[in-house]
Amino acid sequence: MAPLQTPVITTTERVYDGYRTSELSCPGAGPTIILLHGILDLPQTWSQVLERLAAAGHRAVAMSLPQPHEQPIGTPVVPRQDEFVAAVIRAHAGSEGVVLVGNSMGGGLALRAAANPDLPVRAVVALDPIGFGTSRWISGLFVSRRVPEYLHDPIDLIRSLLRALVAPMVARVVFARSGDPVTTHARAVAAQLATIPIGLVLAGARALLTEFADGYSALPAVPVLFVHGRRDKLIPVRASILGHHQIRGSELRILPNAGHCPQVDEPQVVSDLIVEFTTRVARAA
């Protein structure tokens, strides 16, 4: 990849399928690379990757996704997210289609969208995606439905404590490295988390994981690259290995020094993989 130049990253407000979102984007050539983040995350999780894609001359966008806790408790959350992602794809496809790059929840949504023959998806890069299994403690906490419903009430004291305690916990659990930009991003996620009632967060996460627990009813027929951080504490490497075996012709890269968000732990490596895979897919087409 060429040396980084001064990137042109713009921030705009967009509306997709009735949902208002903040979007980061950079101009460039080729199919639009759409970057989808994980649960309770922000489009800024892709900032370092966006800078590198911009320097390499690739057009890319990252936006805030509808979050599970925003749906009424007891209603499915994934169909709403599918509709949003489909609207984003149609808005950015142009004549060259799109390449979907998703992390965690975003990786699962990318695989679902790529299985829809009506959407012009050229390829998928799935980073530590959900839908092929989670760690035991995640499954026990959320999927087993042991979370008491009384936690749906907001508790101001706990919210205040969250601001001080959650950032270090997020940094330790989600990422494999320390220091900036990991610390900065962990603080941003914790600040967002502290504004949401804990019960809603738990109920939304439980709904999302439960809906993905049965796997995928349809698998994409387009090229797929799985990328997984070996130090992921939330979704084990075996999940992407399983996905790789289920999707014929897919590829797998395991990053030894990355955690649940390789785009933050290893932005250069992830950017190089995206560029190489996107270029190879475009040439083959």
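A residue counts as buried under 20% relative accessible area, exposed over 50%, and partly exposed in between (1.4 Å probe, protein chains only). The model is predicted, so local features need pLDDT of at least 70 and side-chain atom pairs count only at pLDDT 80 or more, while totals for chains, interfaces and linings use all residues. Residues are numbered from 1 along each chain as its sequence is written, and side-chain values use heavy atoms, with hydrogens and water left out.

**View 1. A salt bridge joins E96 and R59.** The closest N and O atoms of the two side chains are 3.8 Å apart. E96 sits in the loop between α2 (78-92) and β5 (98-103), and R59 belongs to strand β4 (residues 58-63), so the pair connects distant parts of the chain, 37 residues apart. Helices (H or I, at least four residues) and strands (E, at least two) are DSSP runs, numbered from the N terminus. E96 is partly exposed, with a relative accessible area of 35%. R59 is also partly exposed, and its value is 27%. A salt bridge here is a side-chain nitrogen of Lys or Arg within 4 Å of a carboxyl oxygen of Asp or Glu. The whole structure holds seven salt bridges.

**View 2. Salt bridges link E251, R253, E276 and R280 in a network.** In one of the pairs, E251 meets R280 with N and O 2.8 Å apart. Because E251 lies in strand β8 (residues 251-255) and R280 in helix α10 (residues 267-284), this pair ties together parts that are 29 residues apart in sequence. E251 counts as buried, at 19% relative accessibility, whereas R280 is partly exposed at 33%. R280 also forms a salt bridge with E276, again with an N to O distance of 2.8 Å. R280 and E276 are four residues apart in helix α10, so about one helical turn separates them. E276 is partly exposed, with a relative accessible area of 38%.

**View 3. Helix α1 (residues 47-55) crosses helix α10.** The two axes come within 9 Å and cross at roughly 50°, which makes α1 oblique to α10. Axes are lines fitted to C-alpha atoms, for helices over the stretch in contact, with angles from 0 to 180 degrees between N-to-C directions. Angles under 35 degrees are roughly parallel, over 145 roughly antiparallel, 65 to 115 roughly perpendicular, and the rest oblique. From α1 the contact uses Q48, V49, R52 and L53, and from α10 it uses P267, Q268, V270, S271, I274 and V275. Contact means heavy atoms within 4.5 Å.

**View 4. S240 is a buried residue of helix α8 (residues 237-246).** Its relative accessibility is 0%, which means that S240 counts as buried. Leaving aside neighbours within four places in sequence, S240 is in contact with D128, P129, F226, H228 and L252.

**View 5. S64 lies in the loop between β4 and α2.** S64 is buried, with a relative accessible area of 18%. The C-alpha atoms of S64 and P43 are separated by 5.5 Å, although the two residues are 21 residues apart along the chain. P43 is also one of the residues in contact with S64 when neighbours within four places in sequence are left aside.
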